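Please read them with the sequence and the model side by side.

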Amino acid sequence: MLKTRQPAPEMSFPLVTGGRWTLAERKPDALSMVVAYRGLHCPQCRNYLQELNGKMEDFAGRGVDVVAVSSDGRERAMAAKTDWDLAKLPIAYDLAIEKARELGLAISTSRGKTSIGIEEPALFNEPGLFLMKPDATLYAAFLQTTPFARPPLDQLLKAIDFIKEKGYPARGEA
(Lines give C-alpha, C1' and ligand atoms only; values in the text may rest on other atoms or scores of the structure.)
Protein backbone atom coordinates (compact mmCIF):
# COMPACT_ATOMS: atom_id res chain seq x y z
CA MET A 1 0.00 0.00 0.00
CA LEU A 2 1.27 3.46 -0.90
CA LYS A 3 1.86 5.85 1.97
CA THR A 4 2.26 9.57 1.77
CA ARG A 5 5.53 11.07 3.03
CA GLN A 6 7.26 7.81 2.05
CA PRO A 7 9.34 7.21 -1.09
CA ALA A 8 7.10 6.59 -4.08
CA PRO A 9 7.74 3.35 -5.98
CA GLU A 10 10.32 3.76 -8.70
CA MET A 11 8.68 4.97 -11.89
CA SER A 12 10.46 4.96 -15.23
CA PHE A 13 8.62 4.87 -18.55
CA PRO A 14 9.65 5.20 -22.20
CA LEU A 15 8.27 8.31 -23.94
CA VAL A 16 6.69 8.15 -27.40
CA THR A 17 8.95 11.05 -28.46
CA GLY A 18 12.07 9.17 -27.32
CA GLY A 19 13.96 8.98 -24.07
CA ARG A 20 12.51 8.07 -20.70
CA TRP A 21 10.61 9.78 -17.94
CA THR A 22 12.16 8.63 -14.65
CA LEU A 23 10.90 9.90 -11.31
CA ALA A 24 14.32 9.69 -9.61
CA GLU A 25 15.76 12.01 -12.28
CA ARG A 26 13.01 14.65 -12.08
CA LYS A 27 13.81 17.92 -10.35
CA PRO A 28 10.52 19.84 -10.33
CA ASP A 29 10.22 23.12 -8.47
CA ALA A 30 7.09 21.86 -6.69
CA LEU A 31 5.78 18.42 -7.69
CA SER A 32 5.98 15.60 -10.22
CA MET A 33 2.58 14.47 -11.49
CA VAL A 34 2.00 11.08 -13.09
CA VAL A 35 -1.39 10.60 -14.73
CA ALA A 36 -2.16 6.94 -15.40
CA TYR A 37 -4.79 6.55 -18.11
CA ARG A 38 -6.56 3.45 -19.41
CA GLY A 39 -5.32 3.60 -23.02
CA LEU A 40 -6.29 4.47 -26.56
CA HIS A 41 -9.63 2.67 -26.28
CA CYS A 42 -10.93 5.07 -23.60
CA PRO A 43 -12.93 8.17 -24.63
CA GLN A 44 -12.97 9.44 -21.02
CA CYS A 45 -9.16 9.32 -21.03
CA ARG A 46 -9.08 11.24 -24.30
CA ASN A 47 -11.25 14.00 -22.82
CA TYR A 48 -9.24 14.21 -19.59
CA LEU A 49 -5.86 14.23 -21.34
CA GLN A 50 -7.02 16.82 -23.86
CA GLU A 51 -8.08 19.07 -20.99
CA LEU A 52 -4.73 18.44 -19.27
CA ASN A 53 -2.86 19.20 -22.50
CA GLY A 54 -4.62 22.59 -22.57
CA LYS A 55 -3.49 23.31 -19.00
CA MET A 56 0.16 22.28 -19.32
CA GLU A 57 1.37 25.89 -19.03
CA ASP A 58 -0.70 26.29 -15.85
CA PHE A 59 0.95 23.24 -14.28
CA ALA A 60 4.44 24.21 -15.51
CA GLY A 61 3.94 27.73 -14.12
CA ARG A 62 3.36 26.18 -10.71
CA GLY A 63 6.50 24.06 -10.93
CA VAL A 64 4.71 20.79 -11.70
CA ASP A 65 6.38 18.28 -14.03
CA VAL A 66 3.66 16.21 -15.75
CA VAL A 67 3.62 12.91 -17.65
CA ALA A 68 0.76 10.61 -18.71
CA VAL A 69 1.26 6.85 -18.98
CA SER A 70 -0.75 3.74 -19.80
CA SER A 71 -0.13 0.05 -20.25
CA ASP A 72 -0.52 0.53 -24.01
CA GLY A 73 2.47 -0.24 -26.19
CA ARG A 74 4.32 2.42 -28.18
CA GLU A 75 2.10 2.25 -31.28
CA ARG A 76 -1.15 2.79 -29.36
CA ALA A 77 0.42 5.47 -27.14
CA MET A 78 1.69 7.31 -30.23
CA ALA A 79 -1.80 7.08 -31.74
CA ALA A 80 -3.24 8.63 -28.56
CA LYS A 81 -0.68 11.47 -28.70
CA THR A 82 -1.37 12.27 -32.35
CA ASP A 83 -5.07 11.39 -32.72
CA TRP A 84 -5.97 13.20 -29.48
CA ASP A 85 -3.75 16.20 -30.34
CA LEU A 86 -1.65 16.05 -27.17
CA ALA A 87 1.30 18.09 -28.45
CA LYS A 88 2.15 19.64 -25.06
CA LEU A 89 1.64 16.59 -22.85
CA PRO A 90 4.46 14.03 -22.55
CA ILE A 91 3.03 10.57 -23.22
CA ALA A 92 4.72 7.46 -21.88
CA TYR A 93 3.86 3.83 -22.50
CA ASP A 94 4.46 0.23 -21.38
CA LEU A 95 3.29 0.66 -17.80
CA ALA A 96 3.72 -2.97 -16.73
CA ILE A 97 0.65 -4.49 -15.09
CA GLU A 98 2.84 -5.52 -12.13
CA LYS A 99 4.02 -1.90 -11.72
CA ALA A 100 0.43 -0.66 -12.04
CA ARG A 101 -0.56 -3.00 -9.21
CA GLU A 102 2.41 -1.80 -7.13
CA LEU A 103 1.10 1.75 -7.61
CA GLY A 104 -2.32 0.65 -6.35
CA LEU A 105 -4.05 0.99 -9.72
CA ALA A 106 -7.05 -1.22 -10.38
CA ILE A 107 -6.59 -3.67 -13.28
CA SER A 108 -9.38 -4.53 -15.69
CA THR A 109 -9.80 -7.23 -18.31
CA SER A 110 -11.40 -6.58 -21.67
CA ARG A 111 -13.20 -9.91 -21.95
CA GLY A 112 -13.00 -9.44 -25.72
CA LYS A 113 -14.74 -6.07 -25.77
CA THR A 114 -14.25 -3.29 -28.25
CA SER A 115 -14.64 0.28 -27.07
CA ILE A 116 -15.41 3.11 -29.54
CA GLY A 117 -14.30 0.80 -32.33
CA ILE A 118 -10.89 0.21 -30.74
CA GLU A 119 -10.10 -3.17 -29.23
CA GLU A 120 -9.32 -3.11 -25.52
CA PRO A 121 -6.11 -4.81 -24.37
CA ALA A 122 -6.54 -8.11 -22.52
CA LEU A 123 -5.47 -6.35 -19.28
CA PHE A 124 -5.19 -2.63 -18.66
CA ASN A 125 -4.89 -0.25 -15.74
CA GLU A 126 -7.68 1.98 -14.53
CA PRO A 127 -6.95 5.69 -13.96
CA GLY A 128 -4.84 7.20 -11.25
CA LEU A 129 -3.06 10.46 -10.56
CA PHE A 130 0.04 10.70 -8.36
CA LEU A 131 1.76 13.77 -6.95
CA MET A 132 5.32 13.42 -5.69
CA LYS A 133 7.49 16.01 -3.96
CA PRO A 134 10.91 16.86 -5.44
CA ASP A 135 12.50 14.28 -3.12
CA ALA A 136 10.29 11.60 -4.79
CA THR A 137 8.14 11.03 -1.72
CA LEU A 138 4.44 10.55 -2.33
CA TYR A 139 2.35 13.64 -1.63
CA ALA A 140 -1.04 12.40 -2.87
CA ALA A 141 -2.65 9.60 -4.88
CA PHE A 142 -6.06 9.61 -6.56
CA LEU A 143 -7.15 6.13 -7.66
CA GLN A 144 -10.26 5.16 -9.64
CA THR A 145 -11.78 1.78 -10.43
CA THR A 146 -13.71 3.16 -13.41
CA PRO A 147 -12.89 5.73 -16.10
CA PHE A 148 -15.15 8.32 -14.43
CA ALA A 149 -14.81 10.89 -11.60
CA ARG A 150 -11.16 11.91 -11.95
CA PRO A 151 -9.69 14.86 -10.04
CA PRO A 152 -10.95 18.06 -11.70
CA LEU A 153 -7.88 19.81 -13.08
CA ASP A 154 -8.98 23.33 -12.11
CA GLN A 155 -9.49 22.16 -8.51
CA LEU A 156 -6.13 20.43 -8.60
CA LEU A 157 -4.43 23.64 -9.74
CA LYS A 158 -6.09 25.55 -6.87
CA ALA A 159 -4.98 22.85 -4.45
CA ILE A 160 -1.39 23.10 -5.71
CA ASP A 161 -1.51 26.87 -5.16
CA PHE A 162 -2.72 26.30 -1.59
CA ILE A 163 -0.10 23.61 -0.93
CA LYS A 164 2.68 25.91 -2.09
CA GLU A 165 1.37 29.05 -0.36
CA LYS A 166 0.74 27.41 3.02
CA GLY A 167 3.42 24.72 2.94
CA TYR A 168 0.56 22.27 3.45
CA PRO A 169 1.92 18.81 4.37
CA ALA A 170 0.92 15.52 2.81
CA ARG A 171 -1.81 13.76 4.78
CA GLY A 172 -2.68 10.09 5.27
CA GLU A 173 0.70 8.99 6.59
CA ALA A 174 -0.53 7.36 9.81
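1. The side chains of R5 and E173 meet in a salt bridge, at 3.7 Å from N to O, where a salt bridge is a side-chain nitrogen of Lys or Arg within 4 Å of a carboxyl oxygen of Asp or Glu. The pair links distant parts of the chain, since R5 sits in the segment before β1 (12-14) and E173 in the segment after α5, 168 residues apart. R5 is partly exposed at 38% relative accessible area, and E173 is also partly exposed, at 32%; here buried means under 20% relative accessible area, exposed over 50%, and partly exposed in between, with a 1.4 Å probe and protein chains only.

2. This is a predicted model, in which local features need pLDDT of at least 70 and side-chain atom pairs count only at pLDDT 80 or more, while totals for chains, interfaces and linings use all residues. Residues are numbered from 1 along each chain as its sequence is written, and side-chain values use heavy atoms, with hydrogens and water left out.

3. By the same rule the count comes to nine salt bridges, among them that of D154 with K55, at 2.8 Å from N to O. D154 lies in helix α5 and K55 in the loop between α1 and α2, so this pair ties together parts that are 99 residues apart in sequence. D154 is partly exposed at 41% relative accessibility, whereas K55 is buried at 15%. Helices (H or I, at least four residues) and strands (E, at least two) are DSSP runs, numbered from the N terminus.

4. The largest nonpolar core has 35 residues, and those with the most contacts inside it are M33, Y37, L49, L52, F59, L89 and I91. Such a core is a set of buried Ala, Val, Leu, Ile, Met, Phe, Trp, Tyr and Cys residues joined through side-chain atoms within 4.5 Å. Elements giving two or more residues to this core include β3 (31-36), α1 (43-54), β4 (64-69) and α5 (153-166), and the largest share, five residues, comes from α5. Apart from this core lies another, of 19 residues, among them L15, V34, L95 and A100.

5. Leaving aside residues up to four places away in sequence, L49 touches V35, Y37, A68, W84, L86, L89 and I91, contact meaning heavy atoms within 4.5 Å.

6. In helix α3 (residues 74-83), A77, A79, A80 and K81 are buried, and what covers the buried residues of this helix includes β5 (91-92). Just after α3, D85 takes a positive phi of about 55°.
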